[in-house]
Amino acid sequence: MSINFATHANPDGSRFAADLIIVNGNIHTMDRSHPTAEASAINGNRIIAVGSNDEIEKLAGANTKVIDAKGQLVLPGFNDAHVHFMSGGFQLSSVDLRDANTPQEFAERIRDFVAKLPKGRWITGGDWDHERWPDAKLPTKELIDPYTPDTPVFVNRLDGHMALANRLALKLAGVTRETKDPPGGVVVRDSKTGEPTGILKDAAQSFVWKVIPAASFEEKVAAARAATNHAASLGVTSVQDMSAGADVGVYQTLLDRGELKTRVYAVWPLPGWDRLARTGVRAHFGSAMLRTGGLKGFADGSLGSTTALFFEPYLDEPNTSGIPSDEMFPEGAMLERVRGADRAGLQVIIHAIGDRANDNMLSIYERVEKENGDRDRRFRIEHAQHLRPQDITRFARDKVIASMQPYHAIDDGRWAEKRIGPERAKTTYAFRSLLDSGAMLAFGTDWTVAPLNPMLSIYAAVTRRTLDGKHPNGWIPEQRISVEEAIRAYIVGSAFAEFQENEKGTITPGKLADIVILARDIFKIDPKEIEKVKVVTTIMDGRVIYEVKN
Ligand SMILES: [Zn+2]
């Protein structure tokens, strides 16, 4: 890329010098007009030049910081299109049940954690996964009650669509055998006694959430700080927080204190859309660091909780084909919200996992687009996990962004077929088919449902090797995509999904200086190795926010 030095001269005629230059890089810019380079220069928070070492070194002055990339891979910063950033921050300081491999281990970790807590303090988070356990049976409160007589516990499955309450938590929430299932939720009961087992699915979880004391503002700031530091260490420079809700002020505080290391697109809950609309704010309003204007809704539950909504019943629970989210009730409520929010110029973002939920949402989007007329609205479906073959092309045709999380494929892929069978599995996480149909993919993790590390997601999209090692050549390998395509979805696609493709997503002069250096070249190494690759340096907004010292 040629550099016009005249435009980089200081007003007083003295020679211009960049604030920061990266040299000796194996730079993949992700900019198709100029895909590779050796070096790049940054001034303030912007990339000002991309080129050869010779060209860029000329921009260095006495005060220029020089990063020698030593031939390592340089990419634009990762942009995670779907996170739950605050819960991620809280999780970093909560009990970790994700890799508890047996119910006993699950119970013991809670027992050990209780010992460290003041009496009466709630235990939440956890992110357990019963699909790891030998018989994959759901846990019950009896498993943990002996250890938690005075500690209310409400620990969620990693997908957030169900949680286990202990006896005390159920008592505080007033959940008994008389409690009825709420719309969009299930109180799981013992088949013999009818007593609640402690498992509450989807909307039924709110019985307990209502009685958990809210975290204080400073506790939230601490959680957000933990989250942003974690993101920096993984090369994630932007996140789209699907459950920011009322926590925008937490990020604002961190930003004011100079501690926010991640750009945040803070998304509100769709059911409160009219409050946001009344402020006059429209999609992606704010600064390059913190923006709002997106609304997240739910069409159904999850596959792991057998609440994802399908056309056909589950194979392992033939009496159900899932449940629509409570936001789908009463009939027409979702359509009305999407129509109103879209008319107000806000961005609508809906979670849909089962094939029927996806069909429902695509139809609602189609109808609203027809009614409200043509505009650059960028409707999104989050997960787009199970699609009927005939629905795949609707994403490209309707310009609906498929915001997907590849790690779920290698996670759910361990057991998805026992739920939905091989036929429906063929168009599960259909990355290849969606790309081939011309759809825009935006990648992310759904942290805390999956780890925030982008390397795991790229590994997952490229290999589709399930976590249990049972699909060494990939689960539904025909849906694999290339490293280039996966990175593009993770950087360019996710920037597009938040209306930021002109600001970030490529290493191009004029764009924000969000850059990551990786220890190995993930384009060249055996794809099986990608999951182990570490970040060496993360630059966000022109600042080095993470660096491995050696
Ligand atoms: Zn999510």
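User: Which residues touch the most other members of the largest nonpolar core?

Analyst: This is a predicted model, in which local features need pLDDT of at least 70 and side-chain atom pairs count only at pLDDT 80 or more, while totals for chains, interfaces and linings use all residues. Residues are numbered from 1 along each chain as its sequence is written, and side-chain values use heavy atoms, with hydrogens and water left out. A nonpolar core is a set of buried Ala, Val, Leu, Ile, Met, Phe, Trp, Tyr and Cys residues joined through side-chain atoms within 4.5 Å, where buried means under 20% relative accessible area, exposed over 50% and partly exposed in between, with a 1.4 Å probe and protein chains only. In the largest such core, of 104 residues, the members that touch the most others are Val338, Met361, Phe395, Phe443, Ile458 and Ile522.

User: Which helix gives the largest share of this core?

Analyst: Helices are DSSP runs of H or I with at least four residues, and strands are E runs of at least two, numbered from the N terminus. The largest share of the core amounts to 7 residues, and these come from helix H15 (residues 454–463).

User: Is His82 buried or exposed?

Analyst: The relative accessibility of His82 is 0%, so His82 counts as buried.

User: What is the order of the strands in the open sheet of 5 strands?

Analyst: Two strands pair if DSSP finds at least two bridges between them. Strand E9 (123–128) and strand E12 (185–189) pair on one side only, which makes them the edge strands. E12 and strand E13 (residues 196–202) are antiparallel over 4 bridges, and Val186 stands opposite Lys201 in E13. With mixed pairing, the order is E9-E10-E11-E13-E12.

User: What is the radius of gyration of the protein?

Analyst: The radius of gyration is taken over C-alpha atoms, and the globule rule is 2.2 Å times the number of residues to the power 0.38. For 550 residues, a compact globule would come near 24 Å, and this agrees with the value for the protein, 24 Å.
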